[in-house]
Amino acid sequence: MFDFSGKVVVVTGGARGIGKCICEKFREAGAVVCVIDLLENDYFVGDLADKATLEEFAKKVIADYGYVDYLINNAAPKFCGITNGSYEDFEYALKVGVTAPFYLSKLFVPYFAKGASIVNISSSRDRMSQPESESYTSAKGGIAALTHALAVSLAGKVRVNSISPGWIDNNYTVYEGPDATQQPAGRVGNPSDIANMVLYGWKRSIWNDSFCLLWSR
């Protein structure tokens, strides 16, 4: 369905879950994919909360390929709440969930190819919360706000959009009853739903700057 031959795609948190699925689909479509993740992967292992690591990663991508077509800020921030979360936990969540997307976008600005795009993976938690989710919710709200700020700053150069998934089951579990019927789609989402939105949105150029897509809720 898609042909991404010759395209260079950067995915944060691409070693599992939604990020891994995004990587697989881009590779199937012929793209070169550069992953950064704390978990073992075939390109770069490193901590997104560390400035020097981000600089080293960006330097490697440009040294290897010279340009970037697509930056997907997907890495999930640390999940902790007001009761048990520490200052350090909260700070770390924001570094991974907001600071890293900002800084990678900044590092790649001189190297984005014509028609390049940034997609930030936010969450429905950026507008509705559950108890003890302060770090995650704050980071997802932050990346949603970062999306429209970047879209204005980079208008005419790079398209910037976000996707806010609802309930996504990384194990592709099929739910029945209220768990399924409460979802507008009639089922719980899975990583392929989000990955397909990422590929389709960019290839068809259907998104305007700072357009947020919601799935499942």
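Predicted model: local features only at pLDDT ≥ 70, side-chain atom pairs only at ≥ 80, totals over all residues.
I take helices (H or I, at least four residues) and strands (E, at least two) as DSSP runs, numbered from the N terminus. Residues are numbered from 1 along each chain as its sequence is written, and side-chain values use heavy atoms, with hydrogens and water left out.

**Entry 1. Salt bridges**

I searched the whole structure for salt bridges and found three. The term requires a side-chain nitrogen of Lys or Arg within 4 Å of a carboxyl oxygen of Asp or Glu.

I looked up K60 and D64 and noted a salt bridge between their side chains at 3.1 Å, N to O. Because K60 and D64 are four residues apart in helix α2, about one helical turn separates them. An α-helix has 3.6 residues a turn, so residues three or four places apart point the same way. For accessibility I use three classes: buried is under 20% relative accessible area, exposed is over 50%, and partly exposed is in between (1.4 Å probe, protein chains only). K60 is partly exposed at 31%, and D64 is partly exposed at 38%.

I next examined R27 and D42, whose closest N and O atoms are 3.2 Å apart in a salt bridge. This pair links distant parts of the chain, with R27 in helix α1 (residues 17-28) and D42 in the loop between β2 (32-37) and β3 (44-45), 15 residues apart. R27 is partly exposed at 34%, whereas D42 is exposed at 61%.

I then recorded the salt bridge of D89 with K78, in which the closest N and O atoms are 3.9 Å apart. D89 lies in helix α3 and K78 in the loop between β4 and α3, so the pair ties together parts 11 residues apart in sequence. K78 is partly exposed at 36% relative accessibility.

**Entry 2. A58**

I located A58 in helix α2 (residues 51-65). Its relative accessibility is 8%, so A58 counts as buried. Leaving aside neighbours within four places in sequence, I found A58 in contact (heavy atoms within 4.5 Å) with L107 and F108. A58 and L107 are 49 residues apart in sequence, yet their C-alpha atoms are 6.8 Å apart in space.

**Entry 3. Helix α4**

I checked the length of helix α4 (residues 134-153): its 20 residues should span 28 Å at 1.5 Å a residue, and its end C-alpha atoms are 28 Å apart, which agrees. The expected span is 1.5 Å times one less than the number of residues. Among the buried residues of α4 I listed Y136, I143, L146 and L150. The buried residues of α4 pack against β4 (68-73), α3 (87-108), β5 (112-121) and β6 (159-165).
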